[in-house]
Amino acid sequence: MPDLGETQNIVHRYLSARVPLIVIRSIEPNRVRGLLGSCAASLRAMAFYEHSRTEGLKDLLTGQPVSDDFSLTGALEQARTTFKSRTNVNFVFTDVEDLDQESSTSRHFAEMVRLAEGRQGSIILVVQKPVWTGLARLGMSATLDLPTTDELFDALNGMVDDHRGVVVPIEWQYEHIRRAAEILSGITEMEAINVLATMLAKGRLLVDDIVELSQFKDRIFGDLSGIERITLRENYKVGGLKNLKRWLVQRERLMKSDLSQTTLHPPKGVLLVGVPGCGKSLSAKAIAAQWQLPLYRLDMAGILGMYVGQSESQLREALETADRVAPCVLWIDEIEKALASGPGDSGTSRRLVGQFLYWLQESSSKVFMVATANEVTSLPPELLRKGRFDEMFFVDLPDAGDREEIIRLYFSKYLSYDLAPDLCEELVQASEGFSGSDIDAVIHDIAVHQLTDAAGALPTDLTVKNHFATVVPYSQTNSEDVAAIRAWGLSRCVPAGEPRDGGSAPGASGRRIVIF
Ligand SMILES: Nc1ncnc2c1ncn2[C@@H]1O[C@H](COP(=O)(O)OP(=O)(O)O)[C@@H](O)[C@H]1O
Ligand SMILES: [Mg+2]
């Protein structure tokens with residue numbers, strides 16, 4: 001993707017070569033005007049005129065109006081007489097309609113280009129859409145893409161510097177402005193400046209304000225095609241999964257670092273497979289919340305269910321949107337539901353797998369993918385090959401130490417009290433085979449029981465133990481499924497929890513909930 005400097009060089013060369021038609025495609029006419037201004041300043045031997053419907057025809061360098069007639073026809077007439085009387089003159093047109101197809105306007109321009117050619121003149125068209133090929137073939141074209149992260153950084157840095165120390169207290173330093181530029185990448189320079197101005201209008205610019213940037217960006221994009229923004233409401237707490245948490249610390253650093261001066265790639269993401277109800281979906285939310293990044297969900301199954309041919313374009317659009325809203329966490333829940341290969345497979349799901357893997361490999365934006373899967377045996381093997389995701393973790397039923405953590409977590413959440421060590425020890429034993437979700441549900445039940453108890457008394461130890469005793473965990477009702485998932489996962493993935501033999505003894509004390 002060429003940056004402003006490269007596009008400027010190309011245009012400068014076209015002008016020096018006296019190419020009679022130069023088409024510059026961009027959605028940012030102001031930046032193109034700046035680029036042309038720099039070219040005009042260094043090509044002083046030539047004259048540059050610019051026409052827009054709001055300002056009419058002006059000298060590009062001095063801004064002096066050339067005529068009272070603001071119309072396009074008037075400007076074209078002026079160009080015709082100028083080309084006939086002088087050489088090396090350039091006319092820039094910024095907002096001409098109907099150039100994308102054969103029309104009287106595009107034919108008129110083609111005629112003018114032929115006239116310019118004989119007089120060493122150039123017509124420069126600044127357009128958003130490609131122009132009609134009959135016209136485009138008469139000249140050369142260039143594209144000015146959206147600003148790169150470095151260019152946004154320069155724009156934001158300049159604006160922050162203007163305000164620093166004057167009226168507004170500003171906490172942002174180099175690395176914060178770099179992060180802001182990264183978050184805002186994918187929008188125009190004008191939009192980025194507007195976002196920053198809106199933030200400065202609060203009368204301060206704090207480090208914590210950076211979180212707000214992605215909300216502004218979402219608003220700018222409006223309709224997020226193919227992906228859904230998930231609102232993160234709480235401080236998600238995940239018990240256990242220590243190995244995964246350790247691994248994530250490094251990835252967070254990579255996601256948040258400025259990699260532009262390094263040869264490092266941003267992380268691709270993680271696949272979490274394992275027993276239902278043990279914290280896979282919860283982890284996706286916890287990662288985004290802890291990293292202070294927006295969370296988007298990609299509904300693969302919904303995409304697969306579309307009409308023939310629509311699925312592929314919808315997936316492409318969704319992944320492009322994810323690239324634009326980066327840095328973000330992109331969550332694909334129960335990926336096997338959409339990508340499982342099996343009998344009756346129409347071929348669409350295979351193509352989607354290919355398309356998805358290609359993106360995973362090629363995309364260099366900071367999109368951290370968290371994919372989860374319960375039914376692992378049906379996952380396509382190419383998805384699981386080394387190097388697709390950064391890592392595949394197996395999320396198992398919590399061991400004794402993890403159960404203690406989860407039990408304490410939900411007692412504190414639903415009942416606001418700390419468990420006595422003896423009772424806790426007993427509950428850890430009683431909850432062998434429980435998933436995190438089973439533990440959450442039973443403690444929630446106990447809290448509901450307390451609420452509906454006429455006296456409102458805290459539940460006795462006996463009541464608590466009785467509740468635990470009545471639970472039939474998922475791992476028991478679906479023991480064969482769970483055994484199959486464990487056999488598969490333990491042999492292929494890295495354990496998300498502490499490895500079993502090195503794990504703590506049941507009820508080991510001193511454990512803390514790790515919030516991540
Ligand atoms: N390790 C855990 N720590 C805390 N809560 C958990 C844990 N595992 C499961 N839960 C509870 O169970 C619920 C369901 O877990 P979820 O993450 O959706 O399971 P799955 O692994 O099937 O995606 C969570 O919302 C949370 O309340
Ligand atoms: Mg889930």
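Modeller: Let's begin with Glu312, which counts as buried because its relative accessibility is 14%; buried means under 20% relative accessible area, exposed means over 50%, and partly exposed is what falls in between, using a 1.4 Å probe and protein chains only.

Some ground rules before going on. Residues are numbered from 1 along each chain as its sequence is written, while chains are lettered from A and ligands numbered from 1 in the order in which they are written. This is a predicted model, where local features need pLDDT of at least 70, side-chain atom pairs count only at pLDDT 80 or more, and totals for chains, interfaces and linings use all residues, and side-chain values use heavy atoms, with hydrogens and water left out.

Back to Glu312. Its partner in a salt bridge is Arg351, with the closest N and O atoms 2.5 Å apart; the rule asks for a side-chain nitrogen of Lys or Arg within 4 Å of a carboxyl oxygen of Asp or Glu. Glu312 belongs to helix H13 (residues 310-325) and Arg351 to helix H15 (residues 348-362), so this pair ties together parts that are 39 residues apart in sequence. Helices here are DSSP runs of H or I with at least four residues, strands are runs of E with at least two, and both are numbered from the N terminus.

Another one joins Arg31 to Glu189, with 3.6 Å between the closest N and O atoms. Arg31 sits in helix H2 (residues 29-42) and Glu189 in helix H8 (residues 189-200), so here the pair ties together parts 158 residues apart in sequence. Arg31 counts as buried, at 8% relative accessibility, whereas Glu189 is partly exposed at 28%. These two also belong to a network of salt bridges that links Glu28, Arg31, Glu151 and Glu189.

Then there is the bridge between the side chains of Lys337 and Glu334, at 2.3 Å from N to O. Lys337 is exposed, with 59% relative accessibility, and Glu334 is partly exposed, with 24%.

Now for the domains. The assignment gives domain 1 (4-143), domain 2 (149-222) and domain 3 (265-374 + 381-392), with the bounds coming from an automatic or database domain assignment. Between domain 2 and domain 3 the rule finds one salt bridge. The side chains of Lys366 and Glu182 form a salt bridge too, at 2.9 Å from N to O.

How much area is buried between domain 2 and domain 3? About 750 Å², with carbon and sulfur atoms giving 50% of it; buried area is the accessible area (1.4 Å probe) that two parts lose on being put together, summed over both. Glu182, Val211 and Phe221 supply 45% of what domain 2 buries against domain 3, more than any other three residues. In terms of contacts, 10 residues of domain 2 meet nine residues of domain 3, where contact means heavy atoms within 4.5 Å. The C-alpha centres of these two domains are 30 Å apart.

Next, Arg178, whose place is in helix H7 (residues 174-184). Arg178 is buried, with a relative accessible area of 6%. Setting aside neighbours within four places in sequence, Arg178 is in contact with Thr149, Asp150, Phe153, Asp258 and Ser260. Ser260 lies in the loop between helix H10 (242-256) and S8, and is partly exposed at 40%. Not counting residues up to four places away in sequence, Ser260 touches Asp150 and Arg178. The C-alpha atoms of Ser260 and Asp150 are separated by 8.6 Å, though these residues are 110 apart along the chain.

S8 leads us on to helix H22: strand S8 (269-274), helix H16 (381-384), strand S12 (391-395) and helix H21 (474-477) are among what covers the buried residues of H22. Those buried residues include Val482, Ile485, Trp488 and Gly489. They span an arc of only 135° around the axis, which puts them on the same side of H22; the arc is taken from the directions from the helix axis to the C-beta atoms. The face turned away from that side carries the exposed Glu480, Ala487, Leu490 and Ser491.
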